[in-house]
Amino acid sequence: MGELRLRTERHEPGDRETVHTILADLPAWFGRPEATAGYVDAADRLPADVAVAPDGEAVGVLLVEQHFPETAELHLMAVKAAWHRRGVGRALLAAVERDLVTAGTRLLTVKTLGPSDPDEGYRRTRLFYEAQGFLRLEELMDLWPGTACLVMAKPLA
């Protein structure tokens, strides 16, 4: 497949358009308008790490929420469908982790659809996070009404 040629950029809070455009490309993951609007709104308060293709197209985005100095949460991670399985998610995550470690953050968490739900796309999402070193902590059935929420965590070195 060759070397992945993209760059990651840190965007200040307010990059709603990038988040909206990438989520619009992923209706199987972000098909609930109210949930998608919440992620777009989160871009107003959280910096965005953006993966940019050689032609300038934003192909992936990651929003991190720093809850405490030692812990942070992946609030959103999304990669355009045509760019899945090409290293975009790994590149975004690696860039964010470097910044977090430099800032003294020791634990990174993420919430995703839990294994009680048979959705194939989210099964692959969980496998991606596990391959990146995230561990399953707990599946919550009442955090997102009617939806199983898996909480995962990754210790940062």
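1. A residue is called buried when its relative accessible area is under 20%, exposed when it is over 50%, and partly exposed in between. This cut-off is needed for strand β2, where five of its five residues are buried. The model discussed here is a predicted one.

2. Strand β2 is covered on both faces. Ala-48, Val-50 and Val-52 are buried on one side, and Asp-49 and Ala-51 are buried on the other. Helix α1 (residues 16-24) lies across β2 (48-52), as well as across β3 and β4. Helix α3 also lies across β2, along with β1, β3, β4, β5 and β7.

3. Seven strands form an open sheet, in the order β1-β2-β3-β4-β5-β7-β6, with mixed pairing. The edges are β1 (7-11) and β6 (135-144); each has a single partner strand, so one side of each has no neighbour in the sheet. From one strand to the next, the twist averages 25°. As background, strands of a sheet pair through backbone hydrogen bonds, in either a parallel or an antiparallel sense.

4. β1 and β2 are antiparallel, with five bridges, and Arg-7 stands opposite Val-52 of β2. β2 and β3 are antiparallel, also over five bridges, and Ala-51 has Gly-60 in β3 as its bridge partner. The hairpin of β2 and β3 has five residues between the strands, and Gly-56 there takes a positive phi near 95°. β3 and β4 pair in the antiparallel sense over seven bridges, with Phe-68 opposite Thr-71 in β4.

5. Which residues of the largest nonpolar core touch the most other members? They are Leu-62, Leu-74, Leu-108 and Phe-134, in a core of 22 residues. Two or more residues come from each of β3 (58-68), β4 (71-79), α3 (88-102), β5 (107-113) and β7 (147-155). Helix α3 gives the most, with five residues. In general, nonpolar side chains in soluble globular proteins tend to be buried together.

6. Beyond its neighbours within four places in sequence, Leu-62 is in contact with Pro-47, Ala-48, Asp-49, Leu-74, Leu-76, Met-77, Leu-92, Leu-93 and Val-96.

7. What do the buried residues of α1 pack against? They pack against α2, β2, β3 and β4. These buried residues are Thr-18, Val-19, Ile-22 and Leu-23. Seen down the helix axis, the buried residues of α1 fall within an arc of 120°, so they line one face of the helix. The face turned away from this buried side carries the exposed residues Glu-17 and Ala-24.

8. Thr-36 belongs to helix α2 (residues 33-42). Its relative accessible area is 14%, and therefore Thr-36 is buried. A polar atom of the Thr-36 side chain lies 3.1 Å from the backbone oxygen of Phe-30. With neighbours within four places in sequence left aside, Thr-36 is in contact with Leu-23, Phe-30 and Gly-31. Leu-23 is one of the buried residues of α1.

9. Leu-107 and Lys-154 are 47 residues apart in sequence, but their C-alpha atoms are 5.8 Å apart in space. Leaving aside neighbours within four places in sequence, Leu-107 is in contact with Glu-70, Thr-71, Ala-72, Ala-153, Lys-154, Pro-155 and Leu-156.

10. Gln-132 lies in the loop between α4 (120-131) and β6. Its relative accessibility is 18%, so Gln-132 counts as buried. Apart from neighbours within four places in sequence, Gln-132 is in contact with Arg-90, Leu-93 and Lys-154. Leu-93 is also among the contacts of Leu-62.

Technical notes:
Residues are numbered from 1 along each chain as its sequence is written. This is a predicted model: local features need pLDDT of at least 70, side-chain atom pairs count only at pLDDT 80 or more; totals for chains, interfaces and linings use all residues. Side-chain values use heavy atoms; hydrogens and water are left out. A nonpolar core is a set of buried Ala, Val, Leu, Ile, Met, Phe, Trp, Tyr and Cys residues joined through side-chain atoms within 4.5 Å. Buried means under 20% relative accessible area, exposed over 50%, partly exposed in between (1.4 Å probe, protein chains only). Helices (H or I, at least four residues) and strands (E, at least two) are DSSP runs, numbered from the N terminus. Contact means heavy atoms within 4.5 Å. A polar contact is a pair of N or O atoms within 3.5 Å; within protein, one must be able to donate a hydrogen and the other to accept it, and residues adjacent in sequence count only if both atoms are side-chain atoms. Two strands pair if DSSP finds at least two bridges between them. Axes are lines fitted to C-alpha atoms, for helices over the stretch in contact, and angles run from 0 to 180 degrees between N-to-C directions. The arc is that of the directions from the helix axis to the C-beta atoms.
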